Every structure is written in structure tokens, then in C-alpha cells.
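Subject: Structure handover

Hello,

Please find the structure below, with the sequence alongside. My notes on what turned up follow directly after.

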Amino acid sequence: MTTFDDVFSKAKSVAESAGKKTTEMIELTRLKMQAADLERDISSMLEGLGRLIYESRKDDAEVSGKVDDCCRKLDEKYGELAKVREQIDECRNRVSCKNCGAHNPDDAVYCKRCGGKLSN
């Protein structure tokens with residue numbers, strides 16, 4: 001009977017492992033979708049900023065306040081995107097170099113591309 005118990009125990013372990021992997025993949029997919037949404041928002045905001053500047057030059061209008069506001073909003077979006085990318089790296093067990101953007105294993109101390117110190 002111990003053989004049946006061993007088989008049952010192994011099957012349960014495999015099922016739990018598969019469930020954990022599935023949950024991790026779902027989380028990674030959710031984060032990737034969130035990053036893609038933020039990148040689209042940023043692209044749209046940059047396009048709007050360019051249009052605003054072009055039209056202000058064409059009409060000789062003062063829009064520095066609007067430009068500053070748009071830049072603040074863009075900085076916020078870039079910050080959100082950086083946090084999501086860090087979460088993606090955590091899911092993949094890696095860390096990105098702040099200097100060059102290279103992906104490194106999460107236990108690395110120095111960047112494999114530029115040699116900069118990593119903040120893990």
C-alpha cells in the first residue's frame with residue numbers, strides 16, 4: 001500500500017507545482033499587459049505633447065504651463081512603468097541594471113554588460 005501512497009503523494013506534489021507555475025504565468029502576463037498599456041499611454045501623451053508644441057509655434061501661443069503639466073504626467077507614467085518592469089523582473093528572477101538596462105540574474109552583484117553595481 002505504500003507504493004500507492006507514494007504515487008499519490010508525488011501526483012499531489014506535481015499538481016501543486018503545476019498550479020504554482022500557472023499562477024506565476026498569469027501574474028507575469030497581467031504585468032506585461034499593464035506595461036503595454038502604460039507604454040501606449042506614454043506614446044499617446046508624447047504625441048499630444050508634440051502636437052501641442054507644434055500648434056503653439058504655428059499660432060505663436062504661450063503653452064509653457066501646459067507643457068510643464070504634460071511633462072509631469074509623463075514622468076508619473078514613466079515611474080509607473082519602471083515599477084511594473086521591476087515586478088516583471090522579480091517574476092523572472094532577474095534584476096535590470098539602472099545604468100544600461102541589461103537583465104541580470106537576481107543574485108548578481110555587478111552588471112554583466114557594463115560592470116555597474118546592481119541594487120538588489
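Helices here are DSSP runs of H or I with at least four residues, numbered from the N terminus. Please keep in mind that this is a predicted model.

Helix α1 covers residues 2–59, and Ser56 has its place in that helix. Ser56 counts as buried because its relative accessibility is 6%, and the cut-off for buried is under 20%. Leaving out residues up to four places away in sequence, Ser56 touches Ala61 and Val63.

Next, the pockets. The largest pocket holds about 290 Å³ of space. Its lining is made up of 14 residues. Those nearest the centre of the largest pocket are Glu86, Asp89, Val95, Ser96 and Lys98. Two elements, α2 (64–91) and β1 (94–96), each supply at least two residues of this lining. With 5 residues, α2 provides the largest share of the lining.

Last, the rings. A pair of aromatic rings is described by the distance of the centres and the angle of the planes. With centres required to lie within 6.5 Å, the count of aromatic pairs in this model is 0.

Regards

Terms used. Residues are numbered from 1 along each chain as its sequence is written. This is a predicted model: local features need pLDDT of at least 70, side-chain atom pairs count only at pLDDT 80 or more; totals for chains, interfaces and linings use all residues. Side-chain values use heavy atoms; hydrogens and water are left out. Rings of Phe, Tyr and Trp (its six-membered ring) pair if their centres lie within 6.5 Å; planes under 30 degrees apart count as stacked, over 60 as edge-to-face and the rest as tilted. Buried means under 20% relative accessible area, exposed over 50%, partly exposed in between (1.4 Å probe, protein chains only). Contact means heavy atoms within 4.5 Å. On a 1 Å grid over the protein atoms alone, a cavity is a set of points where a 1.4 Å probe fits but cannot get out, and a pocket is an open set with protein on both sides within 12 Å along at least five of seven lines; lining residues have an atom within 4 Å of a point. Grid points are joined across faces, edges and corners, and a volume is the space filled by probe spheres set on the points.
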